[in-house]
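This briefing covers one protein model, first as a whole and then around an annotated position.

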Amino acid sequence: MRKLKVLFLLPVLGMIACSEDPISEIDNTTPNSITEDFNQNLTEKAYPKQLGATSQVYFAGQKLPVEEIKGSYVYQGDIILPKDMANVQPKKLVYQEGESLQKSTGRTSGLWKDNTVYFQVDSNLPNQQRVYDAVKHWESNTSLDFVERSGVSDYIYFTAGAGCSSYIGRVGGRQEITLADGCSTGNTIHEIGHAVGLWHEQSRVDRDRHVTILYDNIESGREHNFSTYEEMGYEGEEFTSNLDFNSIMMYSSYSFSKNGEPTIVKNDGGAYYVQRQELSSGDIQGIESMYPSGSGTTTSEPNYINGEYYTVSGLTVLRYNDSWYYGSRFGWRKVKLVDSNWYWV
Ligand SMILES: [Zn+2]
């Protein structure tokens, strides 16, 4: 499983729409039931039946290819970018001291504080047991606590929707996880994975060592779902040494296939199968890196390594001599982070 430093530090992306689900809504005219099943159950999508116009938006200082569907920017199938944080024009990322601030694209860290995730279940959501079962699975296997919200302002809101979808990391305020009727407990575990900061496993930077993406078989307009985060301009980190095919965040071989042929194959020629039952040991290991057990308070200042790049509060910066530097068009300049906003030093 892979998680990105970016992710935690990143202010968040919006919602991901994983489409594992709406099985009942999918047309079953294709007799190839095996690939159909893979496609339907193992690729979460926010809007399974719609393909939106593809466009580019700026999010956290990076340009991302997205689909625009029903007024939402959908990235990688089931990740929804908060509209007020995604912009069609690049945003100012570093401010002069004292300059008045616009609403930044990246003001939150994306991590849940104190290993505590607050949530609320829409009283109209059908089959609420899947939410409670998924939450219990997370609590049993990780150091995260899930607390039903009373009064706190940042929380996950489980509600009905056209597909399965989630934001990535803590966005701030109420952030939805949508669950169509077809979204299972396993799909819900997957969506919670996004909400606490996990990307899809096949987005690992090193995934080409393990798999090959067959772009010719991908539905037109869905190709961006197969980008690595490096290709998106992000820095990241893998928390397992190899791609974890057993990760609950891994796409199936047939995700977004337009012709029943595989879209992802193993480089060694073998088949692989993905699951939507439980967090894998790799998933659990990754979460432990993000949310160490026993660290009652998750520090907002992780252990930054000199010489490495990080994306923090929307800006990709270089850590050097225990300070931050930003590569502007005028060259490297020192910057500092104050209350989640960057300033020139
Ligand atoms: Zn997903």
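The model is predicted. Its secondary structure consists of five helices and 21 strands. The UniProt annotation "active site", from an unreviewed entry, covers Glu191, a residue of helix α4.

**Overall fold**
- The protein has 345 residues, and 56% of them are buried.
- Of the contacts between residues at least 6 apart in sequence, 71% join residues at least 24 apart.
- The accessible surface of the protein is about 14,200 Å², and carbon and sulfur atoms account for 45% of that surface.

**The annotated residue**
- Glu191 lies in helix α4, which runs over residues 185-195.
- Glu191 has a relative accessible area of 0% and counts as buried, because buried is defined as under 20% relative accessible area.
- According to the UniProt record, an unreviewed entry, Glu191 carries the annotation "active site".

- Helix α4 is largely enclosed by the rest of the structure, because 10 of its 11 residues are buried.
- The buried stretch takes in Gly186, Asn187, Thr188, Ile189 and His190, and it continues through Glu191, Ile192, Gly193, His194 and Ala195.

**Ends of helix α4**
- Just after α4, Gly197 has a positive phi of about 120°.

Key: Residues are numbered from 1 along each chain as its sequence is written. This is a predicted model: local features need pLDDT of at least 70, side-chain atom pairs count only at pLDDT 80 or more; totals for chains, interfaces and linings use all residues. Side-chain values use heavy atoms; hydrogens and water are left out. UniProt positions are given in the numbering used here, feature names are shortened, and annotations may be inferred rather than shown by experiment. Helices (H or I, at least four residues) and strands (E, at least two) are DSSP runs, numbered from the N terminus. Buried means under 20% relative accessible area, exposed over 50%, partly exposed in between (1.4 Å probe, protein chains only). Contact means heavy atoms within 4.5 Å. Accessible areas come from the Shrake-Rupley method with a 1.4 Å probe; for residues, only the protein chains shown count as cover.
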